[in-house]
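Here is a short briefing on the protein shown below.

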Amino acid sequence: MRTWRDGDGTLTVGGEAGAREVPLRIAASYRARSRGLLGRDGIDGAMMLTPCGSVHTFRMRFAIDVAYLDRKFTVLAVRTMKPGRLGLPRLRARHVVEAEAGAMEGWGVRPGVRVELRAGEAV
């Protein structure tokens, strides 16, 4: 099992021909996971919280898409959450990817799709 560290990375959605790469911020430490997207007005790309099985949007300023991933980075569920909501825990979820509302649909992230996550060189 891989040990993740806070930093930047890339989220790749789709196969070889139609692959879409999205900038990714990785939050693996307790402090980074606790802060998440709180206090931000938006995000360019996505944020991965790991390990994580559920999220909330209390004190958030914007609606987000939440993708729950299993250990093999297969999308279990995708939900759009408005500010002030508590998401249900996903039993098999190991990672959560958050992005601005509507972004995941545009990237092709949906249940059953397998995504690739890579940490940046300087992480």
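Two helices and seven strands make up the secondary structure of the protein, where helices (H or I, at least four residues) and strands (E, at least two) are DSSP runs numbered from the N terminus. Along the sequence they follow the pattern β-β-α-β-β-β-β-α-β. This is a predicted model, in which local features need pLDDT of at least 70 and side-chain atom pairs count only at pLDDT 80 or more, while totals for chains, interfaces and linings use all residues. Residues are numbered from 1 along each chain as its sequence is written, and side-chain values use heavy atoms, with hydrogens and water left out.

**Packing**
- Buried residues (under 20% relative accessible area, with a 1.4 Å probe and protein chains only) make up 41% of the 123 residues.
- Of the contacts (heavy atoms within 4.5 Å) between residues at least 6 apart in sequence, 58% join residues at least 24 apart.

**Size and charge**
- The C-alpha trace spans about 40 × 30 × 30 Å along its principal axes.
- There are 21 positive side chains (Lys and Arg) and 13 negative ones (Asp and Glu), with His and the chain ends not counted. The centres of the two sets lie 8 Å apart, each charge being placed at NZ of Lys, CZ of Arg, CG of Asp or CD of Glu.

Terms used. Buried means under 20% relative accessible area, exposed over 50%, partly exposed in between (1.4 Å probe, protein chains only).
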